[in-house]
Amino acid sequence: MTELRLEGVACPAPLRPEERVILGHGSGGVLSRDLLKRLFLPGLGEAAPSSLDDAAVLETGGQRLAMTTDSHVVTPLFFPGGDIGRLAVCGTVNDLAMVGAQPLALTCGFVLEEGLPFETLRRVVASMQAAAQEAGVRIVAGDTKVVPRGSADQLFINTSGLGVLAAGVCISGANAQLGDVVIVSGTIGDHGIAVLAAREELGFETLLESDVAPLNHLVAAMLAAGEVHVLRDPTRGGLATSLAEIAEQSQATIELDEERLPFKPAVKAACELLGFDPLFVANEGKLVALVKAGDAEAVLAAMRQTKYGEDAAIIGRVTGSGKAQVLLRTAIGGARLVDMLPGELLPRIC
Amino acid sequence: MKYLEEYRSPAKTQALLREISSLITKPWVIMEICGGQTHAFLRHGLDALLPPQIELVHGPGCPVCVTPLEQIDKAIAIASRPEVIFTSYGDMLRVPGSTKDLFAVRADGGDVRVIWSPLEAVQLAEANPDKEVVFFAIGFETTAPANAMAALHARQKRLRNFSLLVAQVRVPPALEAILSSVGNRTQAFLAAGHVCAVMGFHEYLPLAKKYQAPIVVTGFEPVDLLNGLYAAVRQLEQGRCEVENQYQRMVTLTGNEAAQRSIAAVFQPVDRKWRGIGVIPQSGWGLRPEFADFDAELKFEVNTMTAPESPLCIAGEILQGKKKTSQCPAFRKQCTPQTPLGAPMVSAEGACAAYYTYQEFRHD
């Protein structure tokens, strides 16, 4: 933490030394990134801009492979539109798809809490199998650990994935180019609000379903239709965080048009009620793409032909380079900045 | 969404902006009292579309921002006790106390829970008879009725393990403190519609008269805010100083009397300290003596805790509209929503956080 030098003026609170993990470090926003940059990347990884992509690209014997891993924890385990099993398969399939790779195989690791009913596990495994079939990917290896009651919340799943990249495919958050068109594959925020509403403490119910889905077929259709520069699935932290990351990796200015952002009315209403910005709410079956301007219409048309891209929409474009920022042109003609989610998504007080 | 979309209409917004521009002849300083209004101005990019003669200053109406340091320290002290389940609205967890925040208490093993309604805290107390459940009752007149209901329910259920840490604040005394302060620049006010939905707006009538300042009650959408600004500018230009109600779909002169009765049953006006500003007489609500058993400060003996705030901090001046966020040298540098130095950077509705989130550093 940098030392405080305020030259005469100081606010009342001291800087907090962040020397302990808090829940916000897992929110997918600024704190998660901070943890990555301060601790994991210097300790374990490479600090190249592409190391912040959803999957790593490795080259061996002239073949390019994509590799990624993702751990899944969700309460409740089963929610409208999905469950932890479907989430675990789709999350990793999508991370591979976001570098343009065709998923080959997954591994899965289970951490089970003592006392978990077999029936729960059976349902989760069946759901994983169905999702893997839909994605056309095999689950080829696994591991199980059981921890004493209270040491884990029912069931955690880690999945790792391996994919192959076709020749010529080059997709990274660092590849945004001036003029690129920003396309989102469907309505924003469905998953986050569906899961929140499924937790009974909120006291309201919706008919919303999570959008959790494998996006590899959608991506294949897009790559066949035009030149795609960037792909990202806006999971935790939402669309705002994904676009802010892309802007930073590419040092680009991205402008969004508020009126073009697709939301389900129920998501918008729930966000109004809770004081959430829907741009920060998680998605599990959506992607945002930056596409070469001349190819945007063709890519959009191809997306709309697929099951998970029916509601795809153009929402903005890359309007500058050299300055990393995301601007939102508001419906009433104003403009504001869109930044990463700072910590946990918190409901407002009044 | 009905009652929402029509108040975000680009056509109506543009028309109102034109009307304000044609009405205004000289510069005016207008304060929006509530953080929700500040947030709406910046979220929609509305402030930059206003005629240059209007200077908006952001008032003290964010309950997270004005909760004093010592109250946060008390919350942290109580929440750190092993027998306590500490419950709070989410925003408060990130507010820095003297040494840490409630998130850090949770990471240290404290049982700190975000709740959506104070009645959940009462239910928790019923379900956990071997624990002490404490609710952090903060907020303006908007949260007071529900917070009061929690105390009433707890008494009805004869719960012995439920208490409230109260930091409840009231708008009218704060407004009077701003109006009567030396160096006040604000000439008219946009009063917060949701506060007035509970309390009505009769409390503002003597203030407008005494201090010769127009007060307009507004909602929180662009069309609401512009209607409010239009009414305020019209009064200023015409030399009038009245209370007008722009938010008639929600607000009446006398407000929600059932809600006021539950507040009065549980709370009484007390002097309260505001972060960065100091003690404002009668500006808060405290528990009435008959609810002393539900007073967490007494139960956990933290009522004498104090925490000094730096006299150099400009948060107080920002909350009174005397200085702008851009005049703070720490803004966007050492002070960010991840590392808030002062309370206005903590809540999404704090003036500094709203600027940080939505605007470039363009006001200097």
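Helix axes are lines fitted to C-alpha atoms over the stretch in contact, and angles run from 0 to 180 degrees between N-to-C directions. Helices (H or I, at least four residues) and strands (E, at least two) are DSSP runs, numbered from the N terminus. The model is a predicted one, in which local features need pLDDT of at least 70 and side-chain atom pairs count only at pLDDT 80 or more, while totals for chains, interfaces and linings use all residues. Residues are numbered from 1 along each chain as its sequence is written, chains are lettered from A and ligands numbered from 1 in the order in which they are written, and side-chain values use heavy atoms, with hydrogens and water left out.

In chain B, helix α2 (residues 35–43) packs with helix α15 (residues 351–358) at an angle of about 15°, the axes being 9 Å apart. The two helices α2(B) and α15(B) are therefore roughly parallel (angles under 35 degrees; over 145 is roughly antiparallel, 65 to 115 roughly perpendicular and the rest oblique). Contacts (heavy atoms within 4.5 Å) join Thr38(B), His39(B), Leu42(B) and Arg43(B) of α2(B) to Ala351(B), Ala354(B), Tyr355(B) and Tyr358(B) of α15(B).

Arg43(B), in helix α2 of chain B, has a relative accessible area of 18% and is therefore buried (under 20% relative accessible area, with exposed over 50% and partly exposed in between; 1.4 Å probe, protein chains only). Its C-alpha atom is separated by 7.9 Å from that of Ala354(B), 311 residues apart along the chain. Residues up to four places away in sequence aside, Arg43(B) touches Glu272(A), Thr330(A) and Arg336(A), as well as Arg8(B) and Tyr358(B).

Helix α12(B) (residues 257–266) has Ala259(B), Gln260(B), Ser262(B), Ile263(B) and Val266(B) as buried residues. Down the axis of α12(B), these fall within an arc of 160°, so they line one face of the helix; the arc is that of the directions from the helix axis to the C-beta atoms. The cover over the buried residues includes α7 (144–156), α9 (193–199), β10 (267–274) and β11 (278–287) of chain B.

Some backbone features were also noted. In strand β11 of chain B, Gln282(B) has a positive phi of about 55° although it is not a glycine, and at 39% relative accessibility Gln282(B) is partly exposed. Gln212(B), in the loop between α10 (204–211) and β8 (215–218) of chain B, has phi near 55° and is exposed at 54% relative accessibility. In chain A, the peptide bond from Thr75(A) to Pro76(A) is cis, with omega near -5°.
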